[in-house]
Amino acid sequence: MKSSMRASPGGDGGGGFFRMASNFATILFSATPSIVPRVHLVMAQSFLIGLFSRCASFQLRLLPQETSVQSTRRATMDWVFRAAVCPALMKRRVAVIGAGVAGLTAIKCCLEEGLQPVCFEQNDEIGGLWRFKEEPQDGQASIYHSLTTNTSKEMMCYSDFPFPAHVPNYLHHSKVLEYLHSYARHFDLLRHICFKTLVRSVKKRPDFARSGQWEVVTVNSEGLEESAIFDGVLVCTGHHTYPHLPLQDFPGIETFEGQHLHSRNYKRPERFQGKRVVVIGMRNSAGDIAVELSRVTEQVFLSTRGGCWLISRIASSGFPTDVSYNTRLVNLLLTLLPFTLVNWLVERQLQQRVQHHLYSIQPRHRVLSRIPTLNDELPSRIICGAVVVKPNVKELRGSSVVFEDGTVEDRIDVVIFATGYQVSFPFLDPSLLPVSKIRECLYKHVFPAALKRPTLTFIGLVGTRGSLLPVCELQSRWSARVIAGSQTLPPAKVLNEDIEKKSKVSKLRLAASQWETPEEDFISYMDELAVQIGVRPSVPWLFLRDPRLAKAVLLGPCTPYQYRLSGPGKWAGARGAILSQWARVMEPLRTRRCCDDPHSSGLLFGLTAATVLCVTVTCYVQWQHPALLPRLLKMAGPLAL
């Protein structure tokens, strides 16, 4: 069954009259061969709607069953008479696909720019990836029950909606889902979401070169197909939906006597009690699953092709790692110092915690060439023998697994492929975004450079050494402003040059596979997006106006609130959120009254030493390379750090 889903004015009387007038006009439209009566009909219909409509907001209305031609004709008529006679009622309509962390902020950003968002969510609840289900469903993200965040709450919150102070720094997935519900209720986002609605196709309108419009076809839970026209589309489906399962690289998997599954199908450890398990992979999910299984299984073998750099959630100071090291000062030093030297310094620090070669996890790539694996317990499980690290799997023979070093492990019951995910958008024409060329197609990982009209954007299609949530928010703010016409993109030549430049840097420094999403430095990429919007904080200017705030912005963690201090979307509570962020970090830890810490001045000493180091390095660089700093400052922008 198929019907047209169109926008109609809200209000009881006006909306009823609107539907009556629209149905009547459509019948006449279908029966009228002359173009002149059609124009008169549209004008008359528009006059009646402008007279009786009492509300400028739009609601989704479903008409009776129609053919494909009738559906398109009706949607076209609605759009024509609104644009021609009732421009006051016109709002640019934007389709948001997905209601997870990216989709929710996309809705809010569209509303802030005066757009009319309509979000399509195939589940009956918001949350996306963070909504746990006992059974994985095709086309939907899936997580395991024990999943805990890899980034702390202050670094992964929305920029104008901090987590409550009592919430733990690293959160169980259920706490993240609660936060998303609170966010949606606070900003009244739920009324803009169509639940249990699957997007079947997104296609350009015939007049796309002029209008930039898209036709979106959806299917609801009853199987009813609906079509609607939108001025923009924000794709917020993420990249953790479709598993990357390279079974062709593992000879003998077809005749393997045990069970094999992808990590998205793993939920709880109880079903693996007493078994011998091989986990293939060395990213976050692989480490988490191996550690959890090692407590109930007979033996866990962790197979890795290239190893990994391992970091902990807790820094040496006891604070969350991302809060301690994702600062503007550290980012500045990483930018000024040679890439090889920075790698050596970071690797040396990681080796002091765990000798990676001793634990057989030493990787081939440098630490800044790939996002490291975050796991607090893996070294202890390895040293206890509960987890045995092995090289890549060569082949499977019956119930045995043969590794590339020639060793064989018998009586293997289960093989779990923690081999990541691949990007896929089944509702899009592959020509719009070739999955194999994502890095070469998207301007700053958001806008397809080949489109004549920038009305299609991709949110969250990038990996960073930090939380993805604030990245999605900045991408959404930028996308909404471009679609609303508040700002424009550079010429196509500039877009392609930027893409080519990023692609070259990626090939030189990064070690990501072609099927993986692009990776970026957290603060540098956030600042790139912020520059586009006009919300990047100017530290020198802050030092002149508010030294206390400037010190927190420069030396403290680069929390999302920094991008609400000025510019479009400025939030009055941003300053207070920044100055109180350390209190929110410490509050959930202070659950017992203790005597005063005799080393309480250590943090101040550390910050002072870091400042002195920064000044020293800057003076040295200026002395040895006097032209370098002016060139870097020019690249960074006026009065910006």
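Student: How many helices and strands does the chain have?

Tutor: Helices (H or I, at least four residues) and strands (E, at least two) are DSSP runs, numbered from the N terminus. The chain has 21 helices and 26 strands. This is a predicted model, in which local features need pLDDT of at least 70 and side-chain atom pairs count only at pLDDT 80 or more, while totals for chains, interfaces and linings use all residues. Residues are numbered from 1 along each chain as its sequence is written, and side-chain values use heavy atoms, with hydrogens and water left out.

Student: What share of the residues in the chain is buried?

Tutor: A residue is buried under 20% relative accessible area, exposed over 50% and partly exposed in between (1.4 Å probe, protein chains only). Of the 641 residues in the chain, 52% are buried.

Student: Which strands pair with E7?

Tutor: Two strands pair if DSSP finds at least two bridges between them. E7 (residues 214-220) pairs with strand E6 (residues 197-204) in the antiparallel sense over seven bridges. There, serine 201 stands opposite valine 217 in E7. E7 also pairs in the antiparallel sense with strand E8 (residues 225-230), over six bridges. Glutamate 215 has isoleucine 229 in E8 as its bridge partner.

Student: What lies between E7 and E8 in their hairpin?

Tutor: Four residues lie between the strands of that hairpin, where glycine 223 takes a positive phi near 85 degrees.

Student: Is E7 mostly covered or uncovered?

Tutor: In a regular strand the side chains alternate between the two faces of the sheet. E7 is mostly covered, with six of its seven residues buried.

Student: Why does leucine 529 count as buried?

Tutor: Leucine 529 counts as buried because its relative accessibility is 0%. Leucine 529 belongs to helix H15 (residues 522-533).

Student: Which residues does leucine 529 touch?

Tutor: Contact means heavy atoms within 4.5 Å. Leaving out residues up to four places away in sequence, leucine 529 touches Val471, Leu474, Gln475 and Trp478. As for distance, leucine 529 and lysine 444 are 85 residues apart in sequence and 8.0 Å apart in space, C-alpha to C-alpha.

Student: How much of the contacts in the chain with a separation of 6 or more comes from residues 24 or more positions apart?

Tutor: Residues 24 or more positions apart account for 71% of those contacts.
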